[in-house]
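Look at the model first, then read on.

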Amino acid sequence: MADRVVAKPALLKWFKGKSGAAMLEQVWVENPIFRQILGICSALAVTNLLRNTLIMCAALIFVNVCANMIISALRDFTPRRTRMITQVLVIATFVIIVDLVIKAFAYEASKQMGAYVGLIITNCIIMGRAEAFASRNTVGLTFWDALGSGLGYSVVLIAIALMREPLGFGTLLGVRIMPAGFVEWQLMVLPPGAFIGLGLFIWIGRAIAPEKVEEAAK
Amino acid sequence: MDIGGLVAAAKSADVGGAAPYIIFIAAIFTNNILLSNFLGMCSFLAISRQIRASFGLGMAVTFVLTMTSTINWLLNHYVLVPLEVEYLRFITFIIVIAALVQFVEIVIERFSPALYFALGIFLPLITVNCAILGVCLFMVIRSYTFAQAIGYGIGSGLGWTLAIVAIAGIRNKLRFSNVPEPLQGVGITMILAGLMAFAFMGFAGMVDIK
């Protein structure tokens with residue numbers, strides 16, 4: 001009992017501290033998908049199956065955290081003119097690692113996801129965080145920021161997959177959950193379902209999440 | 001329908017025998033890179049407010065796509081595969097794209113200032129446009145021949161242009177509509193893109209590249 005009383009304010013304090021705040025801001029207030037509109041391609045492409053979505057989220061968090069920490073560690077040695085290409089190379093290196101790991105341990109999923117694992121390289125979340133945060137903050141703080149943006153991305157992707165897979169295939173993680181008479185909505189599996197589903201999630205997200213700055217996105 | 005899914009099946013479709021012009025048409029209509037493969041969304045959402053800018057960016061993407069798909073196909077076929085270093089594909093492709101965009105920018109600035117002012121601001125954006133890397137990766141995964149790869153590159157560029165210009169046209173009209181506030185901007189554009197993808201599915205039987 002006493003433990004809990006002590007632990008709770010400590011956790012709260014941590015979230016109000018610098019690293020916790022950096023992470024929390026990325027997950028909720030400045031969510032990469034529904035606020036900053038970054039990393040949309042993979043959000044649409046892999047969310048028709050929850051399994052692929054989970055693999056994609058894990059891959060993105062790994063690449064985002066590792067690449068941004070390296071970029072942050074190199075920030076004083078990178079000449080400004082070549083920093084884009086340096087960032088891309090660091091990111092591409094980690095994507096190669098992820099690609100080989102997925103091919104080795106989840107071959108079926110790697111075939112279904114096809115080019116989208118490689119396309120993590122051009123996922124704007126990673127480049128965006130590298131440019132906006134990692135290139136001017138310490139390695140420790142960058143870790144929390146990158147973890148936060150990765151988690152913010154994952155939360156939205158998993159929510160979309162939780163809608164698309166049951167409606168589109170009648171299954172969840174390959175296990176049938178819909179009643180026998182349920183007619184699958186093929187639309188949810190196909191591209192239009194992805195666009196409309198994400199559009200609705202952006203709507204919900206923007207309506208309920210607190211707003212930080214008014215962006216002129218009209 | 002198998003769990004593997006329609007989408008996955010369509011993406012890894014074996015197109016071995018299709019003629020390059022069939023792939024060209026398919027890349028514009030039935031397998032549109034934006035509406036069926038979701039590539040190039042970031043610049044699509046940012047730019048599709050004005051028709052003119054959309055068209056400029058579309059042309060720049062088409063140009064870069066044609067060149068990168070050619071160069072990357074040659075590199076992949078004559079360097080990476082014989083040396084058995086296919087795992088370096090991502091790094092090679094992204095360097096080629098970045099270098100090429102830089103090079104194109106310099107050449108255009110030197111020889112055609114008018115074109116540079118028309119395209120100039122869009123060129124740096126293209127390096128991180130996932131449509132470019134996506135087309136290069138798809139062309140390898142689907143093992144296209146050289147002619148097929150070029151057809152696919154040009155077709156994808158034109159298809160992307162078609163989609164972005166069409167959406168820009170709709171967004172222009174949308175200014176006078178009463179859209180709920182949180183849905184404005186990106187949200188409604190996604191739903192529009194969904195309806196357009198739905199419409200493009202009507203082309204499905206036109207050419208079959210399976």
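Among contacts in chain B between residues at least 6 apart in sequence, 82% join residues at least 24 apart; two residues are in contact if their C-beta atoms, placed from the backbone, lie within 7 Å. The model is predicted, so local features need pLDDT of at least 70 and side-chain atom pairs pLDDT 80 or more, while totals for chains, interfaces and linings use all residues. Residues are numbered from 1 along each chain as its sequence is written, and chains are lettered from A and ligands numbered from 1 in the order in which they are written.

Chain B has 10 helices and zero strands. These are DSSP runs numbered from the N terminus: helices are H or I with at least four residues, strands E with at least two. Of its 210 residues, 47% count as buried. Buried means 20 or more other C-beta atoms within 10 Å of the residue's own, with C-beta atoms placed from the backbone.

Chain A comes next. In all, 40 residues of chain B are in contact with 42 residues of chain A. Each helix below supplies at least two residues of that side of chain B.

| Helix of chain B | Residues |
|---|---|
| H1 | 6-11 |
| H3 | 41-47 |
| H5 | 89-111 |
| H8 | 130-141 |
| H10 | 186-200 |

H10(B) gives the most, with eight residues.

Of its 12 residues, 11 are buried, so H8(B) is largely enclosed by the rest of the structure. Among the buried ones are B:Cys130, B:Leu133 and B:Phe138. The buried residues pack against H3 (40-45) of chain A, and against H4, H5, H7 and H9 of chain B. B:Ser143 follows H8(B), with a positive phi near 40 degrees.
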